[in-house]
Amino acid sequence: MESSELRPTQMVVGGAALAREDSGRVVFISGAIAGETVTALFTAEKKDFATAEVESVVVGSPLRVEPPCEAWQRGCGGCDWQHIEPSGQLGLKVDIVREALTRTGRLVDPVVVAGASVEPWGYRTTVRLAASPDGRPGFRARRSHDVVPIDSCPVADPAINGLIRSLHLDRDAEVTLRVGLARGDNSLGVRGAIVERVGDHDFRVSNDSFFQSSPRAAALLVDAVSRAVADLDLSMMTVIDAYGGVGLFAATVANHAARVVLVESSSSSCADARVNLSADRATVVECRLEDWQPVRADLVIADPARSGLGRIAADRLAATRASRIVLVSCDAASLARDARLLVALNYLHRGTEVIDVFPNTSHVEAVTRFDLNEQQMGTVDT
């Protein structure tokens, strides 16, 4: 493959930096930072775009640092932004979200602000590991299914690292390792559960249930969602917690709501939610959101998977006629697509807060407020 000197101008969804050749063709460069000049080695070429990786840095960004992780140096693909100073990563993620909402979401001058970040190292209390040929645990290599064995991980909680060092896996095995900081418990594989504390609430989290990367990450999300509904009196409201998982938002943000309906497709998460939520106030519905029969509600909180809501789920949420939808997104591209869908369903984008719960990676987490356009609804109803 050939190489070329290029100057990327912006960071894009997926974590690469975008540059343009003299011909106008777009090149997505892994390992580059907007504003740098790099020699890029092409890895794939199409008529309209190409992908490349940094071969050498000609003029570096002030944000560029030497990746400190030894496993990263050996090709671990777990942290694609270790070459970027952690204090500068959130600002780049805000730029990515704003660009996605403008270009893909077709919003005009969307309000996108920076929120908080977890600490850049030692923050993860859940990791997924694969077995190297000799049974050592590790992570997948960049752009490969090969496993890079590790003895510890700098973004993992010390309790995780203590378990990694004692772990031996069967060949081709993949396991989820989770520790609970509230009681010091841990679980491995699909069986077992831990108890995690977020704010004043304890959550049972089975190993086959989804939870955030750490209790600190969960707390930042709860804070951001709380800010998005701070002007509402939930004590008189029905709240839909869509993709509700183990009940994180139902038990915290909607703790004093008149009624909560949690909709979740995972049997494990639903079983945990029934333990974590008060049965006389919350109803847990186990089904895909696309199959759910909407009920009238005042507020919707939705935390879908990386692929986002999609058209059918967006229709289901809009059918509640909730005056507000708060969307928690873990991908800028799906957020932009969902924003476009919700705007078409008569919801107004009122602002997005980007928080960083995966430092040293390009993964984005954003909380977005959408309000029903009541004026337009009145026009339609008449």
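What follows is a set of questions and answers about a predicted model.

Biologist: At what angle do the axes of helix α7 and helix α8 cross?
Modeller: Helix α7 covers residues 310-318, and helix α8 covers residues 332-344. Their axes come within 10 Å. They cross at roughly 45°.

Biologist: Is the crossing of α7 and α8 left-handed or right-handed?
Modeller: Look at how α7 passes α8. The crossing is right-handed.

Biologist: Which residues of α8 does α7 meet?
Modeller: On the α7 side, Gly310, Arg311 and Ala314 take part. The residues of the contact divide into three nonpolar, one polar and two charged. The partners in α8 are Asp338, Leu341 and Leu342.

Biologist: Which strands stand at the edges of the five-strand sheet?
Modeller: The sheet is open, and its order is β10-β9-β8-β11-β12. The pairing is antiparallel. Neighbouring strands are turned by 40° against each other on average, direction ignored. Each edge strand has a single partner, so one side of it is left without a neighbour in the sheet; these strands are β10 (147-149) and β12 (185-188).

Biologist: Which residue in β12 stands opposite glycine 180?
Modeller: Strand β11 spans residues 174-180. Four bridges join β11 to β12, and the two run antiparallel. Opposite glycine 180 stands aspartate 185.

Biologist: Is aspartate 109 buried or exposed?
Modeller: Aspartate 109 lies in the loop between α2 (86-103) and β7 (112-117). Its relative accessible area is 68%. Exposed means over 50%, so aspartate 109 is exposed.

Biologist: What is the phi of aspartate 109?
Modeller: Most residues other than glycine have a negative phi. Aspartate 109 is not a glycine, yet its phi is positive. The value is about 50°.

Biologist: Where does tyrosine 243 lie?
Modeller: Tyrosine 243 also has a positive phi, near 55°, and is a residue other than glycine. It lies in the loop between β15 (238-242) and α5 (248-251).

Biologist: What covers the buried residues of α6?
Modeller: Helix α6 runs over residues 267-276. Its buried residues include Ser268, Cys270, Ala273 and Asn276. Ser269 and Asp272 are buried too. The cover includes β14 (201-206), α5, β16 (259-264) and β17 (282-286).

Terms used:
Residues numbered from 1 in each chain as written. Predicted model: local features only at pLDDT ≥ 70, side-chain atom pairs only at ≥ 80, totals over all residues. Heavy atoms only, no water. Axes fitted to C-alpha atoms, helices over the stretch in contact; angles between N-to-C directions. Left-handed = near helix turned anticlockwise from the far one by under 90°. Contact = heavy atoms within 4.5 Å. Nonpolar A, V, L, I, M, F, W, Y, C, P; charged D, E, K, R; others polar. Pairing = 2+ DSSP bridges. Buried < 20%, exposed > 50% of the residue type's maximum accessible area, 1.4 Å probe, protein only.
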